[in-house]
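Please keep the sequence and the structure in view while reading.

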Amino acid sequence: MSLITDRPVMLEMDKVALSFRAGKSSFDHGVHHVLKGVSFKLYENETLGIIGRNGVGKTTMLRIMAGILKPTSGRVTMRPGKTASLLSLGLGFKGDLSGRDNALLAAMLQGSTRKEARAFLQEIQDFSELGDSFEEPVKTYSSGMRARLGFTTALLTHVDILLIDEVLSVGDAHFKDKAQQAMQERICGQQTVVFVSHAEQQVKELCDRTIWIENGRIRNAGHTPTVLADYRKSLQANKPQPD
Amino acid sequence: MRITQYFRLVDIQARMILKADASKLTLGYLWWFLEPLMWVAVFYIVFNLILDAGARGSAEFLTFLACGKFAFIWFSKTVSQASNSIVAAQNLIGKINVPKSLFPMAVAHESLFRQCAVYPLLLVIVMLFGYPASPMWLWLLPVLVVYYLMIVACALVGSYLVCLVRDFSQFIQLGMTFLLFTSGIFWDVRALGSPEKTELILTLNPLAFILDAHRQVLMYQIPPDLAILGAIAVGAIVIIAAMELLMRYTSQYLALKVLT
């Protein structure tokens, strides 16, 4: 069996750093450093997990890979002709519009023509199990319903590199299973995936390799169970001790 | 992004803004007509009944106000709304790399739909107050095309500035009030008593020129000054092209500005 790292590289990040001025202060301590020199390679058809605590720069990394943000320094190279898209819940839903209109808008923003988007709508309505609520304004939806609509709309994206940000941890138990299964089908096929999650079990089940990010740097990278074990150990070590 | 997909997105976004707006208010689409009519009523009460400014007779003054205010609302509402449109799309911008000009363009496009309904009402008002329709009214078409270009140009500039520094949003509100008073909406730029001053305002303030052109065409059947109209069109096109390029070039910088 060939190693993942023998496969062709889809995307490479080379000493990527991102910082921005956070406050009004014009001095250097007003500058917020999110990523501080992150380097890694993403190989064809692999599923790469990214773990780390809140606010360490995971979402920023996905945004850089999706071309939404540009690194302050360093380089991101994507194989020519390939596309990457961020699969995230609720593509900026407008509360006053119906689920149907929002789904149409989201599908078109992801590159479909109006006709193609219309063809998706039935599929979205069925998979999301929203029934008649599909025609109601999204502002009347419960958070679970919004999540179902968001996940289903996002699932339709067809891109070479799928960047997934915390999408499987929503909805009720029944929908969560269904979502995970749908996601797994995508991952098992010819799909390169980067997966950000706090759910260790999911990372373990889905990811070939995992990167652990801490303070804007890669703390550990490699075989998923090893990285997860290290991560868990560090979390326990850093737990505040009772007085 | 391909240009066809870009315009498809502008169009669908504009339609969705229309739908969302109409569903928010009980009177829905009726507000398109009510708002300018109510403004005209307010101006009429203040300037004609209280201040006696409309010495020329109420019908003429009302038509004069209607032409000015209907046209001005198109500009002020679109530019104010478009200026905040990129910042307001924060959720979307954090998730997908789209051309940022899409948002102000969608607002401008939506306002175009709106005006397609509002302008016929203006024409009816003008006719009701004793200014019959005439073939000369066709001169309004080039005026409206240039006006639209001017609105798009201002919308793009406004949205870019607000994206860089949010405080510009306050300046733009103030700027709209300034333009309301300086563009000859409730006073006649041609009745200033000094032809040089009139000339100066019409040349320097494109908005005053466009509003005046509405009245000249609809009320007095006089075609607009094509040299000035042409100059405004060229200026607007240059600004639109420059802003499109700038927004494309700084797309990710704008995203960072919006998200942080």
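A cavity is a set of points, on a 1 Å grid over the protein atoms alone, where a 1.4 Å probe fits but cannot get out, and lining residues have an atom within 4 Å of a point. Grid points are joined across faces, edges and corners, and a volume is the space filled by probe spheres set on the points. This is a predicted model, in which local features need pLDDT of at least 70, side-chain atom pairs count only at pLDDT 80 or more, and totals for chains, interfaces and linings use all residues. Residues are numbered from 1 along each chain as its sequence is written, chains are lettered from A in the order in which they are written, and side-chain values use heavy atoms, with hydrogens and water left out.

**Cavities**

- By this rule there are two cavities of 30 Å³ or more.
- The largest cavity holds about 160 Å³ of space.
- This largest cavity is lined by 16 residues, and the closest to its centre are B:Ile73, B:Trp74, B:Lys77, B:Arg114 and B:Gln115.
- In chain B, α2 (31-50), α3 and α6 (102-128) each give two or more residues to this lining; helices are DSSP runs (H or I, at least four residues), strands are runs of E (at least two), and both are numbered from the N terminus.
- The lining comprises eight nonpolar, four polar and four charged residues; Ala, Val, Leu, Ile, Met, Phe, Trp, Tyr, Cys and Pro count as nonpolar, Asp, Glu, Lys and Arg as charged, and the others as polar.

**Aromatic rings**

- Over all chains, 10 aromatic pairs are found; rings of Phe, Tyr and Trp (its six-membered ring) pair if their centres lie within 6.5 Å, with planes under 30 degrees apart stacked, over 60 edge-to-face and the rest tilted.
- B:Tyr29 and B:Trp32 form an edge-to-face pair, 5.1 Å centre to centre with 80 degrees between the planes.
- The pair of B:Trp74 and B:Tyr148 is stacked because the ring centres are 6.4 Å apart and the planes lie at 25 degrees.
- This pair links distant parts of the chain, with B:Trp74 in helix α3 (residues 58-83) and B:Tyr148 in helix α7 (residues 140-164) of chain B, 74 residues apart.
- Both B:Trp74 and B:Tyr148 are buried (under 20% relative accessible area; exposed is over 50%, partly exposed in between, with a 1.4 Å probe and protein chains only).

**Charges over rings**

- B:Arg215 lies over the face of B:Phe64, 3.6 Å from the ring centre; the rule requires NZ of Lys or CZ of Arg within 6 Å of the ring centre and within 35 degrees of the ring normal.

Terms used: 1 Å grid on protein atoms, 1.4 Å probe; cavity = no way out; pocket = protein on both sides within 12 Å on 5 of 7 lines; lining within 4 Å.
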